[in-house]
Amino acid sequence: MDNKFEILSDVTREYSEDDLGFVIFKGNILVKKTSNSSSIPSMREIIEVNLNKNDKFFIGKIGDKACFAMDCDSEPRMPENFQLISLRDFAINSEEYLFLAAGRANQILHWNNTHKFCGSCGTKTENKVDELAKVCPSCSNVMYPVICPAIIVAVKRDDKILLAHNANFKNNMYSLIAGFVEAGEELERTVEREVFEEVGIKIKNIRYHHSSPWSFPNSLMLGFVADYESGDIKVDGKEILHADWFDIDNFPNIPEKFTLARKLIDAVMNI
Ligand SMILES: [Zn+2]
């Protein structure tokens, strides 16, 4: 199987039994256990155990296999070799292309479940017949899958990097400064604003690095790097409890390898 996930959205696509089914139930994904790993079940296997309850969405291809996202109304009754695992555990133990496909499945299903009625007039929506969107049969309002942009930034000061402990982090973990883009805001201003609001310092030389979807449920993370300009670290005490400059010899716990935060940290610190 090609180790690449290609995003496609042909709403007329029918599944064949060899295609792959990404079944999501309450933030968990259905996998088939083999001796020492797990795999995404085929549509045939999903049909055999009668798990395909709700809408199916074609989300793309892996090699010549089409990928379909679907969820269930209630916890599926699974044969012994099937298991629901958290998307986080799936991310840690899977190849990146499978995590991307699972993330897109989760994002599309979350959008499907939160757009069953028109936000303008309240009428029940329908799936559009020619593109991945919902349409209101009463007022013609069209609703596309939701994507919320957020920035994350690696700030450098000489050979050190700014890392912060967020109030929501477990295990005394430290990560980069991040935050959602405000309506009407330029990305570079978001980067400056978030850093100043959370740790009270000014930065310069803001450069875009790369991006990564974070489909839990619908963020798109835009990764930047920047340099320290002025000011002393002063945390807000609510969102950020502690922040400091760290060099490679005194690193705290940092996010896992599949996250954009970790990729940025590794890139700027040459880890
Ligand atoms: Zn409407």
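In strand β10, M143 is the bridge partner of K134. This pair belongs to the contact between β9 and β10, which run antiparallel to each other over 2 bridges. The two strands are part of an open sheet of 3 strands, ordered β8-β9-β10, with antiparallel pairing. Within this sheet β8 and β10 are the edge strands, each pairing on one side only. The model described here is predicted.

For comparison, the ideal angle for four tetrahedral donors is 109.5 degrees.

At the level of the whole chain, the domain assignment gives domain 1 (5–114), domain 2 (115–145) and domain 3 (148–269). The centres of domain 2 and domain 3, taken over C-alpha atoms, are 36 Å apart. The C-alpha trace of the chain spans about 60 × 55 × 30 Å along its principal axes. Its secondary structure consists of 5 helices and 16 strands. Of the 271 residues in the chain, 44% are buried. Among contacts between residues at least 6 apart in sequence, 62% join residues at least 24 apart.

Strand β6 (residues 65–71) pairs with two strands described here. With β2 (residues 20–25) the pairing is parallel, over 5 bridges, and F68 of β6 is the bridge partner of G21. With β5 (residues 56–62) the pairing is antiparallel, over 6 bridges, and A66 of β6 is the bridge partner of K61. The hairpin of β5 and β6 has 2 residues between the strands, and G63 takes a positive phi near 60° there. Strand β6 is mostly covered, with 6 of its 7 residues buried.

In soluble globular proteins, nonpolar side chains tend to be buried together. The largest nonpolar core of this model has 24 residues, and those with the most contacts inside it are F22, I29, I59, I62 and F90. At least two residues of this core come from each of β2, β3 (28–33), β5, β6, α2 (87–93) and α3. The greatest contribution is that of α3, with 8 residues. Another core, of 19 residues, lies apart from this one and includes V155, L162, A164 and V195. The surroundings of I59 can be listed individually. Not counting residues up to four places away in sequence, I59 touches F5, E6, I7, L8, F22, C67, F68, A69, A101, R104, A105 and I108. Among these contacts is F68, the residue of β6 that is the bridge partner of G21.

Some backbone features remain to be described. Most residues other than glycine have a negative phi, and most peptide bonds are trans. K26 is not a glycine but has a positive phi of about 50°. This residue is found in the loop between β2 and β3. K26 has a relative accessible area of 71% and is therefore exposed. N172, another residue other than glycine, likewise has a positive phi, with a value near 50°. N172 is found in the loop between β12 (160–166) and β13 (177–180). The peptide bond that joins F216 and P217 is cis, with omega about 10°. P217 is placed in the loop between β14 (202–214) and β15 (219–230).

Definitions and conventions: Residues are numbered from 1 along each chain as its sequence is written. This is a predicted model: local features need pLDDT of at least 70, side-chain atom pairs count only at pLDDT 80 or more; totals for chains, interfaces and linings use all residues. Side-chain values use heavy atoms; hydrogens and water are left out. Buried means under 20% relative accessible area, exposed over 50%, partly exposed in between (1.4 Å probe, protein chains only). Helices (H or I, at least four residues) and strands (E, at least two) are DSSP runs, numbered from the N terminus. Two strands pair if DSSP finds at least two bridges between them. Domain bounds come from an automatic or database domain assignment. A nonpolar core is a set of buried Ala, Val, Leu, Ile, Met, Phe, Trp, Tyr and Cys residues joined through side-chain atoms within 4.5 Å. Contact means heavy atoms within 4.5 Å.
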